[in-house]
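Please walk me through this structure. I would like to learn how to read its features.

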Amino acid sequence: MAALPLAADLATKQIALAEFSPTDPVSTLGGFLKFTLVTNSGAAFSIGEGATWLFSAAKLVVITVMLWGARRVRVPLWGVVFGLLIGGATGNLVDRVFRPPAPLQGAVIDWIQLPHWPVFNIADMAVVCGGALAAVAVLRKISLDGSPVAEEPAGTGAHGGPEGGNAAADRDNGQARAED
């Protein structure tokens, strides 16, 4: 699954490099969507432009951990989540590793622009969609392997006792419970 967003990202970046310009954006949909070539040596929203090597190393660690964790996936939704996240992260890592000025310091190619939003690329879209799907899976209590997610029994709170109480803490406050 990760190959699809990765291939789409790499192919569209090559097209963007050949067809678009930072100084002459291509406008479509009445100006709503523009294709503008931008290089980004920082993280999202161009934050941390001087620490490109750090983002590259962090992304490599994250991709490795996700590949290791993906071995546990048995549910198709989680397969899509991991595929989108790994494919998107790898697409931007490829830019950082192979684009100028140096390995692990390259700038990411961004080229899609919407009103009031930073310029982005297909890899960014994959990561955002993967994150949104992960949130849906977590909210729906879908585990990686399809096993039931343990739910907290009704009537227990954060401290484990009835109505969220904690007998030891209640004794310390001089409020011994009847069941003690």
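Q: What should I know before I start?
A: This is a predicted model: local features need pLDDT of at least 70, side-chain atom pairs count only at pLDDT 80 or more, and totals for chains, interfaces and linings use all residues. Residues are numbered from 1 along each chain as its sequence is written, and side-chain values use heavy atoms, with hydrogens and water left out.

Q: How do strands β2 and β3 run, parallel or antiparallel?
A: Helices (H or I, at least four residues) and strands (E, at least two) are DSSP runs, numbered from the N terminus. Two strands pair if DSSP finds at least two bridges between them. Here, strand β2 (residues 33–40) and β3 run antiparallel, joined by five bridges. Thr 39 has Ile 109 in β3 as its bridge partner.

Q: Why is strand β3 described as largely enclosed?
A: Buried means under 20% relative accessible area, exposed over 50%, and partly exposed in between (1.4 Å probe, protein chains only). Strand β3 covers residues 108–113, and five of its six residues are buried, so the rest of the structure largely encloses it. Trp 111 is buried, at 9% relative accessible area.

Q: How many aromatic pairs are there?
A: A pair of aromatic rings is described by the distance of the centres and the angle of the planes. Rings of Phe, Tyr and Trp (its six-membered ring) pair if their centres lie within 6.5 Å; planes under 30 degrees apart are stacked, over 60 edge-to-face, and the rest tilted. The count is four aromatic pairs. Phe 35 and Trp 111 have ring centres 5.6 Å apart and planes at 40°, so this pair is tilted. Phe 35 lies in strand β2 and Trp 111 in strand β3, so the pair ties together parts 76 residues apart in sequence. Phe 20, Phe 35 and Trp 111 form one aromatic cluster.

Q: Is Asp 9 buried or exposed?
A: Asp 9 sits in helix α1 (residues 3–19). Asp 9 counts as buried, at 0% relative accessibility.

Q: Which side chain does the side chain of Asp 9 make a polar contact with?
A: A polar contact is a pair of N or O atoms within 3.5 Å; within protein, one must be able to donate a hydrogen and the other to accept it, and residues adjacent in sequence count only if both atoms are side-chain atoms. For Asp 9, the partner is the side chain of Lys 13 (2.8 Å).

Q: What does Ser 143 touch?
A: Contact means heavy atoms within 4.5 Å. Not counting residues up to four places away in sequence, Ser 143 touches Val 75, Trp 78 and Val 149.
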